[in-house]
Amino acid sequence: MGYKEDVEDKWNFFVISDDYRWTLLVTLLMVVHYYTLVGMAGGSRKVFTEEFMKENFGDEHKQALNGDEIKKGGYPDSGSGRYTMALGYKGWMEFNKLQRSHYNYLESISQILCMMLTCGLEFPITTAIIGGVYLLGRIIFQVGYKISPKARMIGVPFVMLTQFFLPIFTIYSLSQMYSNRCADAECLSKRMMDLVSTE
């Protein structure tokens, strides 16, 4: 048996709809929004100036780390450690609101993006709409959290509903892809092989 019988006859072809660009657009907007939030969370560390760190923790840091000088930025404190406690209650709250907005997003962004890109292969417009609702919820959540922890709850239903629905929709999308492509790909594959053999 030759190459055609061994390999080419087993080829399957997968056609992506032009509407998939809308899924990709919403996915890109999510990534942009997430990295904007990462920048804001990182920017909140400007309160941990070198002067602040040395004044409050310089001697203790040197003693604990064999004379090493403390640096600005407040690492490794993520919002509930010794450095943020020295900011006072208001400073602690402001720092933690930005950190929690970031970490809450981080907890689900990879799963959401993966499911978006998968569902969009079969249902690109529907997936883009679902992603838009999720993104809107995230923006409301972020803005609300900046005002007060309670205000973030306005965006929670948008976020939670899409996070609950997307895994179910992904399973359904995959089942539809499999059943549809089994017939379509076999037909398309045969036509492509016919074209190759005539060249």
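Modeller: What follows goes from the whole chain to one helix and its neighbours, and then to the rings. The model is a predicted one. The secondary structure of the protein chain consists of 7 helices and 0 strands, which read along the sequence as α-α-α-α-α-α-α. The chain has 199 residues, and 35% of them count as buried. Among contacts in the chain with a separation of 6 or more, 73% are between residues 24 or more positions apart.

The part to look at is helix H6, residues 124-147, together with two helices that pack against it. Two packed helices are described by the angle between their axes and the distance between the axes. Take helix H2, residues 20-43, to begin with: its axis comes within 7 Å of the axis of H6, and the two cross at roughly 15°. An angle under 35 degrees counts as roughly parallel, and H2 and H6 are therefore roughly parallel to each other. The crossing in which H2 passes H6 is left-handed. On the H2 side, the contact is made by Tyr20, Trp22, Thr23, Val26, Leu29, Met30, His33, Leu37 and Met40. On the H6 side, the residues include Pro124, Ile125, Ala128, Gly131, Gly132, Leu135, Arg138 and Ile139. By class, this contact of H2 with H6 holds 13 nonpolar, 6 polar and 1 charged residues.

Helix H5, residues 88-119, is the other neighbour, and it packs with H6 at an angle of about 180°, the axes being 11 Å apart. Angles over 145 degrees count as roughly antiparallel, so H5 and H6 are roughly antiparallel to each other. H5 contributes Lys97, Arg100, Ser101, Asn104, Tyr105, Ser108, Ile112, Met116 and Cys119 to the contact. From H6 come, among them, Thr127, Tyr134, Phe141, Gln142, Tyr145, Lys146 and Ile147. The contact of H5 with H6 divides into 10 nonpolar, 6 polar and 4 charged residues. Tyr134 of H6 is listed in the contact with H2 and also in the contact with H5.

Glycine 39 lies in helix H2, and with 47% relative accessibility it counts as partly exposed.

Now the rings. A pair of aromatic rings is described by the distance of the centres and the angle of the planes. The whole structure has 12 aromatic pairs. One of them joins tyrosine 34 and tyrosine 35, edge-to-face, at 5.4 Å centre to centre and 70° between the planes. Tyrosine 34 is buried, at 10% relative accessibility, whereas tyrosine 35 is exposed, with a relative accessible area of 54%. In another pair, the ring centres of phenylalanine 165 and phenylalanine 169 are 5.5 Å apart and the planes are at 15°, so this pair is stacked. These two residues are 4 apart in helix H7, residues 156-198, which means a separation of about one helical turn. Phenylalanine 165 counts as partly exposed at 38% relative accessibility, while phenylalanine 169 is buried at 8%. Finally, Phe48, Phe52, Phe57, Tyr83 and Phe95 form one aromatic cluster.

Key
Residues numbered from 1 in each chain as written. Predicted model: local features only at pLDDT ≥ 70, side-chain atom pairs only at ≥ 80, totals over all residues. Heavy atoms only, no water. Axes fitted to C-alpha atoms, helices over the stretch in contact; angles between N-to-C directions. Parallel < 35°, antiparallel > 145°, perpendicular 65-115°, else oblique. Left-handed = near helix turned anticlockwise from the far one by under 90°. Contact = heavy atoms within 4.5 Å. Nonpolar A, V, L, I, M, F, W, Y, C, P; charged D, E, K, R; others polar. Buried < 20%, exposed > 50% of the residue type's maximum accessible area, 1.4 Å probe, protein only. Phe/Tyr/Trp six-rings, centres within 6.5 Å; stacked < 30°, edge-to-face > 60°.
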